[in-house]
Amino acid sequence: MNPAEEFIRSRLTERQSNGTYRQLKPESNLVDFCSNDYLGFARSPLLKNWIEEEIKANENVLNGSTGSRLLSGNLAYTENLEQEIADYHKSETGLIFNSGYDANLGLFSSLPQKGDTIILDELIHASIIDGSRLSFANRYSFRHNDLQSLEDKLKVAKGNCYVAIESVYSMDGDTPPISEIQALTDKYNARLIVDEAHAVGLYGKGLINQLGLENQVFARIVTFGKALGCHGAIILGSGQLREYLINFSRSFIYTTAASFHQMAGIRMAYKLLPSAQTEIDKLWENIDLFKKGIPAAKLIKSDSAIQCLIAGSNEKARHIAMQLQDAGVDVRPILSPTVPKGTERLRICLHSYNTPDEITLLTDTLNKLIND
């Protein structure tokens, strides 16, 4: 066995022995409490029909994009869509990336420079951490949602300073004090960047729009693979930021553009979102029903569609998830090192299409398992 193969084997063996080994699983016929399809757009027959009609109305488009957007892969349709989305979110403009990961990687790796400072909430998404690592900037983290910890880091920041948070955190489901964080970044002349991946849909256009902070935030990342039921992401900001990313963001420059079909899906999802208030109301009802069924002390504090129950170990998280799946509900364990050791958990995602009986089955089964 050569050294590379030996390295691969040893790392996999280590993961298997310490309970952190990951495996892909096919789609499930169980009741969905694990996907990010919060409003049911990914399974919407109406949205599917609209997408098919949009594709038929543009029958001369190619099957694929044929290249990067700086070569042969750019479409007027895509540029018009970017502006439509920016207008919807009350932003000057935007730039679409192939995924949320690509967007965060491209933004944080290209914008901060040597001598600048990036300050991240300690629970920020891995894509933002990875992008920051690829920059030459100084990088700090502050305690989760802790304003004093953030201010301590702001006081020692050098150069241009960028602060990154999520408006709804993907693993805990909670929301930071966004207005207070914005005020702090303004006080220290830092730029606030907000990832809205899990807020759009549940909070309509997102929490930045809801709070009226569109003009106070330097950039927003909106992804299309959660409540919008599609795939891709957009960075919202100034026209100058857009031009900068086109010129310097490597995850935008050096990749084949998404096809027209993907753009059509995104456009139709945005067409559907303004009329989805019934689904949004139902989602809020389901969140409330779930929280009433589980003792608050057992859950991480969250008002969002992401509700988490700490198991405390990979083994216990896996065991409870397997028991839930045996009962007919699809809940997945979140294991370390995805979350810090000791905070391994059941991550439960609620949706507009979950029925009261399904939620009651989930809460009754969970209560039995955690009290045994």
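## Worked exercises on a predicted model

K282 has its place in helix α12 (residues 277-293). This is a predicted model, where local features need pLDDT of at least 70, side-chain atom pairs count only at pLDDT 80 or more, and totals for chains, interfaces and linings use all residues. Residues are numbered from 1 along each chain as its sequence is written, and side-chain values use heavy atoms, leaving out hydrogens and water. Helices (H or I, at least four residues) and strands (E, at least two) are DSSP runs, numbered from the N terminus.

**Exercise 1.** Classify K282 by accessible area and list its contacts.

*Solution.* Start with the cut-offs: buried means under 20% relative accessible area, exposed over 50%, and partly exposed in between (1.4 Å probe, protein chains only). K282 has a relative accessible area of 26%, so K282 is partly exposed. Next, the contacts (heavy atoms within 4.5 Å). Leaving aside neighbours within four places in sequence, K282 contacts S352, N354 and P356.

**Exercise 2.** Is L207 buried or exposed, and which residues does L207 touch?

*Solution.* Locate L207 in helix α8 (residues 207-211). Its relative accessible area is 7%, so L207 is buried. Not counting residues up to four places away in sequence, L207 touches S167, V168, T175, I178, E196 and A199. The C-alpha atoms of L207 and T78 are 25 Å apart.

**Exercise 3.** Check the span of helix α3 (residues 76-88), then find what its buried residues pack against.

*Solution.* The expected span is 1.5 Å times one less than the number of residues. For the 13 residues of α3 this gives 18 Å; the end C-alpha atoms are 18 Å apart, which agrees. Now list the buried residues of α3: Y77, T78, L81, E82, I85, A86 and Y88. An α-helix has 3.6 residues a turn, so residues three or four places apart point the same way. The buried residues of α3 pack against α2 (45-57), β2 (93-97), β8 (233-237), α9 (239-248) and α11 (260-272). After α3 comes K90, with a positive phi near 60°.

**Exercise 4.** How compact is the protein for its 372 residues?

*Solution.* Count the elements: 14 helices and 12 strands. The radius of gyration is 21 Å, close to the 21 Å from the globule rule, so the protein is as compact as a globular protein of that length. The radius is taken over C-alpha atoms; the rule is 2.2 Å times the number of residues to the power 0.38. Buried residues make up 52% of the 372.
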